[in-house]
Amino acid sequence: MLRSLASLSPSSPRVAANSSSTQQLRLCLSRVSVRNSSTRATAHPTTSRTALQHKNIQRSNFNSSRQHILGSTSRHLLAAAPLTIRRALATVTNAPITQRTAPGTSVSGDAKQNPEFTTNPILNWSEFPDFAAIKPEHVVPAMEALVQHVEKSFTERSQNFTPTWEGTMGMIQDLDDDFERASGVITHLSMVKDSPELRKAVEEIQPMIVKLSLQMGQSLEFYDALVKMQENKQTWNSLDKEQKRIVEKSIQGMKLSGVAFGLEAEGNPEKKKRFNEIKERKAQLSLKFRNNAQDATNAFAEIVTDRSALDGCPESLIKAMAKNAQARGQGDGNPESGPWAVTLDAPTIVPFMMNCKNRELREAVYRANVKKASEGDLDNEPIINEILSLRKEEAGMLGFSSFGALSLSKKMASNVETATEVLDRLYEATLPAAKKELDELTDFAKERLGQPTPLRPWDTAFVGEEFRKDRFKYSADQISEYLVFPRVMDTLFEVAKDSFGIHVSEMSAAEQEHAGVTTWNKDVKVYKVQDDSPSKELLAYFYGDFYSRSEEKKSGAWMDVCVTRMKEPATGNIRVPIAYMICNQPPPMSDSEPSRMKFQDVTTLFHEFGHCLQHMLTTVNYPQASGIKGVEWDFVEVASQFMENFTYEPHWLDRMARHYKTGESMPQDMKQTMMKGRECLAGLAMMRQLHFATLDLELHTNYKARVQNSTDGESIFDVDRRMAKKTCLIPPIPEDRFLCAFSHIFGGGYAAGYYSYKYSELYSADAYAALEEQVDSTESRKRIGRKYRDTVLAYGGATDPKEVWREFRGRDGVQVDALLRHSGLKSATA
């Protein structure tokens, strides 16, 4: 969702995951939860939505601001807009990076006089941040010093911009690099080590960051230099293809940053003032939305004192719920005597809704989940209405008919009509299968389970899991006994070695100490990535934070950027990239027992590693478009979804699946269950994703938001119910307020972009089909894997995704058959 891409912020490179492998889970949970997104891309809603936030991909508007500081536009701000102005305005895409220098100076020689630059660990680091030294009290002084320095330096340099690459992009790389590194650390810690103190600090620095972002993003001097560079044929022709794309997309992105309102003939001070007010207010609202959703999730706990009420729940869940209760001051954590707490965090609610036989208890928990953040001080409905209203006003000021049109102008699909056409094609291909699946579920519930029908939303997770167990024999918990985290990781790294020619190894404690590497939690691991050749060239590093910590860590899964690859101007050396890879699987139950993974945890792990690969294996040396930066939002999930397919390959299943106690191989029929699992109820799962995507586009394209305290027109919940009549075969309950926790589109980067998950999935399935076509030759599969590394993973945002696709696949366009086949839907629609 790369968080991002969720995600904490619309402009974040963080990518949240929307793992296709969890389709049955999403279906089963119906509307149980929409998990946070990054980047990123990862957050994605994966329960019926739960999310892997990359990807989120799920990020904060604080982080949004840091991504466009100095006009650096995020990857989803890199497309043309139909704004008519005499001159296109320019800025740098994403967050440019430059050579590292001593903490007290910048590349241009500007002195960093504030002592924070040499004493504050947020600012004073070279290769790796010193996470062990960073405390919440460092945040505000660090950003005050940095913002002051960047603002002063940029103002001074703006008098000397020239229409050349070095006179524009090169002049501000160090400022952007300083800002990306510092703000990235803060944003990262706000996701994995949240606290009241850190949250307060982030809220305090947000206004200054938004203000600086707007000031730099609306620089007429920088605009003049970039446009003149583009207009001068000799200068323009001296740029390479990657530089040209960066400049073009920078210019397009700046049109959307409101720079036009600084032109005498095009705008006026009142419009510019209002536009900037909108940007500042949106940032505040998105941050508040996300905090409300998180607080509402944490506030709920259904305390159960009768063990029989939890009949059907696996032992691992019983243990986890006893610990949940203990953390809330209830009991001593004894799983035998209780009490037990059912909470709304994904590691608890997902298996609970799938396994608990107590229908009344399931209903109570379901209702709490779909109503969270919709009442009292945490009510997000007025925030949503204001966000939608401001987005529409912003779009109108930029010359768009809707925010949907604005958002799509930055993406591969280009316009709302194209995105809608793709969704409609999938809908028509899926509907017959979904109806058939619902009929089968209903008959099964009535005849085999004695469940009342028609099915209600709190039934689908439980009935779906029982249906799957009946058809495939094994439960998700039984399968998890064969999916031990260390072995799954080893298999993931073997896949990477075999397919892409890289070697991944964990850094030892001695290596970390020698390199000065510290972490934010004792369970965090650090890995290095090398080319699997005699040279063993160092390519990248990444941090792995895999276990859930509901008291301080956001839910979901995502990848984010710590350091971006770049060629240092002074030395010509390549700075290797560093990534964060974040998941939320259950931690080990004891020191002697390793973490056992549900299969959806496995696919999530592979998904997020796919995002990391695109960041780490890039060959682009311009930080403005290196790795995930500059990749269009509806193409950025291709790399992550591509990796999920390996988890269904018999060869790799054989390698990863061993019993956690005996070491025995997984039974063959259990492997068949896993390989066929993504086809089970895939039609209903697809329909749920189509509902989220079409609802998102409707809210941002045609809906007129209500003003506060008004009852005129449709409410956002009316729109949800109207759209659900087409896409939700099991109608939502009247009290459903799931939109109040839909952080992907109101607290992250997927506004009018949720369709991107399915859009990217078309390409990822077709890309993986290139491997599947090599049925007779291991070497030919490796050749395709290397080609994939050398194109999709290497080119980053420096090449148009259509060109990337053409070079990798050898043709234009994408074929839908592979996605339908992977989902088991092709035969149903043939």
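Start by selecting Lys-536, in the loop between strand 6 (525-531) and strand 7 (538-547); helices (H or I, at least four residues) and strands (E, at least two) are DSSP runs, numbered from the N terminus. Its phi is near 50°, a positive value in a residue other than glycine. Lys-536 has 36% relative accessibility, so it counts as partly exposed (buried is under 20% relative accessible area, exposed over 50%, partly exposed in between, with a 1.4 Å probe and protein chains only).

Before moving on, a word on the model: it is predicted, so local features need pLDDT of at least 70, side-chain atom pairs count only at pLDDT 80 or more, and totals for chains, interfaces and linings use all residues. Residues are numbered from 1 along each chain as its sequence is written, and side-chain values use heavy atoms, with hydrogens and water left out.

Next, pick Lys-473, in the loop between helix 17 and helix 18 (476-480). Here too phi is positive, about 85°, although Lys-473 is not a glycine. At 55% relative accessibility, this lysine counts as exposed.

Now for two cis peptide bonds. One joins Gly-338 and Pro-339, with omega about 0°, and Pro-339 sits in the loop between helix 11 (315-327) and strand 4 (340-343). Another runs from Thr-453 to Pro-454, with omega near 0°; look for Pro-454 in the loop between helix 16 and helix 17 (457-472).

While you're around helix 16 (residues 416-449), click Arg-425. Its C-alpha atom is 9.0 Å from that of Val-816, 391 residues apart along the chain.

Then colour helix 12 (residues 346-355) by accessibility: 9 of its 10 residues are buried, among them Ile-349, Phe-352 and Met-354.

Show helix 4 (residues 139-157) with helix 6 (residues 196-217). They pack at an angle of about 5°, axes 9 Å apart (axes are lines fitted to C-alpha atoms, for helices over the stretch in contact, and angles run from 0 to 180 degrees between N-to-C directions). The two helices are therefore roughly parallel (angles under 35 degrees). Contact residues (heavy atoms within 4.5 Å) include Met-143 and Phe-154 of helix 4, and Ile-205 and Leu-212 of helix 6.

Methods
Angles under 35 degrees count as roughly parallel, over 145 as roughly antiparallel, 65 to 115 as roughly perpendicular and the rest as oblique.
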